[in-house]
Amino acid sequence: MATTEPQIVLYDVACIKNVCFSPVVWRIRFMLNYKNIPYRTVFLEFPDIGPTLKGLGFGESAPGPNYKYTVPAIQHVPTDTRLMESATIAEFLESTYPDPPVPLTSELGRQIEDQARAVVGKTFQASVMPREINILSPPAQEYFRRTREALIGHRLEDLLDLDKEEQSWDAQADRISAVGEIMRTNKADGPFVLGSRPSYTDFFIAGSLQSVREIDEGVFQRISKYPGFGDIYEACVPFMGKRD
Ligand SMILES: N[C@@H](CCC(=O)N[C@@H](CS)C(=O)NCC(=O)O)C(=O)O
């Protein structure tokens with residue numbers, strides 16, 4: 001009989017909606033949901049991620065004091081294994097829970113991930129980052145503003161120029177469509193990148209879209225209207241049941 005005791009504790013980043021909104025955590029959550037692995041979530045406010053994970057013994061072999069603690073992080077309860085970094089966690093889940101399989105890499109998947117990052121990445125980030133702060137609690141807002149503004153070198157609000165935003169999306173439209181078409185390479189076999197079953201690349205795409213949907217429905221509508229992006233998102237909806 002299948003156990004319903006959590007096998008995994010998933011550390012996620014908190015927001016005021018009390019659901020997962022991190023694109024990177026969504027990749028792992030998709031794997032857990034798709035593989036039907038019992039898990040529970042611990043949501044951490046942005047400023048608490050580092051101190052909490054450090055206190056729990058994550059990253060003990062971490063090099064140097066500037067080590068960055070991030071979510072997703074998991075504890076595999078049966079073996080008390082603690083892991084950070086989505087790629088490492090995905091490999092662990094795939095080898096520990098191989099059924100149903102989730103292909104982690106493929107030539108086509110790599111091509112799509114690289115091109116999606118290159119084509120949509122900057123426009124997407126400029127639309128999403130200044131709005132992300134709106135779904136954070138006050139202490140997380142303060143942390144987010146301080147760390148992100150240090151990174152980009154100006155105020156978050158400076159990214160929010162609606163005319164410029166419109167122009168940026170328009171300028172990328174053909175290239176976004178082209179990446180979306182590559183996502184449909186195996187459409188004769190099914191809606192996913194590799195055809196009838198999801199791979200990690202599908203979770204990469206759908207996780208990014210679900211993240212932006214929690215942050216701003218308008219930006220989500222803008223990207224999901226592109227074939228490929230919208231198709232994969234829809235196909236992954238059945239694995240979005242558990243969001244917290
Ligand atoms: N390379 C990491 C990146 C994860 C990441 O950037 N996570 C963000 C949340 S979306 C985080 O934990 N940030 C902590 C912080 O900003 O202090 C992975 O793939 O897991």
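Me: How many bridges join β3 to strand β4, residues 81-84?

Reply: Strands of a sheet pair through backbone hydrogen bonds, either parallel or antiparallel. Here β3 and β4 run antiparallel, joined by four bridges. Two strands count as paired if DSSP finds at least two bridges between them, and strands are DSSP runs (E, at least two residues), numbered from the N terminus. H76 sits opposite T81 in β4. This is a predicted model, where local features need pLDDT of at least 70, side-chain atom pairs count only at pLDDT 80 or more, and totals for chains, interfaces and linings use all residues. Residues are numbered from 1 along each chain as its sequence is written.

Me: Which residue in the hairpin of β3 and β4 takes a positive phi?

Reply: That's D80, with a phi near 50°, in a hairpin that has four residues between the strands.

Me: What order do the strands of the open sheet have?

Reply: The four strands go β2-β1-β3-β4, with mixed pairing. β2 (39-44) and β4 stand at the edges with a single partner strand each, so one side of each has no neighbour in the sheet. Neighbouring strands are turned by 20° against each other on average, direction ignored (axes are lines fitted to C-alpha atoms, and angles run from 0 to 180 degrees between N-to-C directions).
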